[in-house]
Amino acid sequence: MKQFQFDLIKKQLKKLTSIPGGFYQKKFDGIDIDAIQTQSDFEKLPFSWKGDLREAYPLGLQAVPDSEIVRIHSSSGTTGTPVIIPYTKQDIEDWAVMFERCYRTAGVTNLDRVHITPGYGLWTAGIGFQAGVERLGAMAIPMGPGNTDKQLRMMVDLKSTVLCATSSYALLLAEEIARRGIGDQIHLKKGIIGSERWGEKMRRRIAAELGVQLYDIYGLTEVYGPGIGMSCDHECGMHYWDDYIYCEIVDPKTGEIVPDGEIGELVITTLRKEGAPLIRYRTHDLTRFLPGDCACGLDYPRIDTLIGRTDDMIKVKGVNIFPSQIEEVLHDIPGASSEYQVMIDHLNGKDIMTLFVEKDQGTDAAQLEEIIAIVFKSRIGIAIVPKAVNIGDLPRSEKKSTRIFDNRY
C-alpha cells in the first residue's frame, strides 16, 4: 500500500462512517476508524461482498445526496436481487479517464474506429466502452449486441479497426466472417475482450480468424464497470489503475493475505469513488499479483489474467473442478476445439459428468473421445463421459457463455 492510497482510504473511511444510517456506518459499527494507522490495521476491517450489496437494494450503498447522483447501473440480478450502483458526475469522469487509459495501453489512437458490441442500458459495458472512445477522440460505433448481419455490414462499410466484445461474441463474429468468406473485407487490427474468462485455445482461434491482436480488459459492475485494468502488447497479465483502486489478494477460505505471486481471490477498495464507494470488496475473481516491471514501461502494477471465480467451482465425485482446468486439458489435446459444455447429473447414487467438446474438422470423434477421457482422468482425477461434436454444434452467445449445467440440485 502506497502512502497516497492509505491517505485516500482513511479519507473514505471517515466520510463513510459519518453518514447517519449509511451502509458502512452500520457495517463498521464499533470499529474505531481513527485507530487505523497502518496497512495491517486496514487489513483487519471486515470484507464487503455481493450479499451485502444485495441487502442494500435499491440505493442503500449511496454515499452522497440525491442531487449529486447522475446515473445508476446494475448487475443482471440473474442469481438474485440485483445490485444497483449509483454514480456521481465525478465517478463518470473518472471511469472515462480509466477507460481512455485502457485504449492507450492497447495502442488505440484517435484515428481508430471502435466497434462496440457489449450491451447498453443498465449493464455497465457498452456505455463505458463508448465514454473511453469519445474521451480518446476516436470514432465510436455503438452497435450493442445482436443482429450479426448488421454488425458485419457496418464493420465492413465503416472499416472498423477495433472490436470490443465478450470472447463468446468475438468468436461468433469470427466464425461468421470465415463462413461468409469476407475476411479480406475486414479491417480489424485489435480486439478488446472482457466480461468473461477465456482459455488460450479460444484466444488463438479468435486472433487467427479475425487477424487481430487481443487485449484483456477487466472490471465489474460494482467497481465502475470494465476499464479498471487492461493488458498491454506484451500479454503478461493486466495493469490495474492503482490511483483509483487498491487491490489485495486473499485466501478464499481464510481471508488472509497470500504472499505475492500466489493465486487467491481479488479484493478491491475504491480510492476515489463518490456514489457508492467500496471497502475491501470480495470480487470472487481468482488471480495473482505479477511482480516486477513490465516491458511496456507502464508504471502500474499487474494482476494475472483471471483463472476463474471462487463461485464457478464445481464439485464432482468429491473433486473440486474449475473451468480453467477443463480449458487446460483441452488446450493440450490436438483436434479439440476451444468450445465445450459440461452436463452434470446424478443417477443411481452417482455423479455423471458429460463433457461435450467441439472437434476440429477431419478429427475422428471416437479417437478424440478416448484421448479426452484418458487425459481428464490423469490430470483431474475423475472419469467423465466425453462427447465429440462438430464445430458450431454448441450454442454461441452474444453475452457470456454458460458452459456448466449442474442438474443435480
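**View 1. Arg-101 and its contacts in a predicted model.** Arg-101 touches Trp-241, Asp-243, Tyr-244 and Tyr-300, leaving out residues up to four places away in sequence. Contact means heavy atoms within 4.5 Å. Arg-101 sits in helix 5, residues 89-105. Helices (H or I, at least four residues) and strands (E, at least two) are DSSP runs, numbered from the N terminus. Arg-101 has a relative accessible area of 18%, so Arg-101 is buried. Buried means under 20% relative accessible area, exposed over 50%, and partly exposed in between (1.4 Å probe, protein chains only). The model is predicted: local features need pLDDT of at least 70, side-chain atom pairs count only at pLDDT 80 or more, and totals for chains, interfaces and linings use all residues. Residues are numbered from 1 along each chain as its sequence is written, and side-chain values use heavy atoms, with hydrogens and water left out.

**View 2. Cys-164 in strand 5.** Strand 5 covers residues 162-166 and holds Cys-164. Cys-164 counts as buried because its relative accessibility is 0%. Beyond its neighbours within four places in sequence, Cys-164 is in contact with Tyr-103, Val-114, His-115, Ile-116, Thr-117, Pro-118, Phe-129 and Ile-192. Phe-129 lies 35 residues from Cys-164 along the chain, and their C-alpha atoms are separated by 7.7 Å.

**View 3. Ile-192 and the largest nonpolar core.** This core has 65 residues. A nonpolar core is a set of buried Ala, Val, Leu, Ile, Met, Phe, Trp, Tyr and Cys residues joined through side-chain atoms within 4.5 Å. Tyr-103, Val-114, Phe-129, Ile-192, Ile-228 and Ile-268 have the most contacts inside the core. Helix 5 gives the most to this core, with seven residues.

**View 4. A second core.** A separate core of 22 residues includes Val-329, Leu-355, Val-357 and Leu-368.

**View 5. The protein around these sites.** The protein has eleven helices and 21 strands. Buried residues make up 53% of its 409 residues. Along its principal axes, the C-alpha trace spans about 65 × 55 × 40 Å. Among contacts between residues at least 6 apart in sequence, 65% join residues at least 24 apart.
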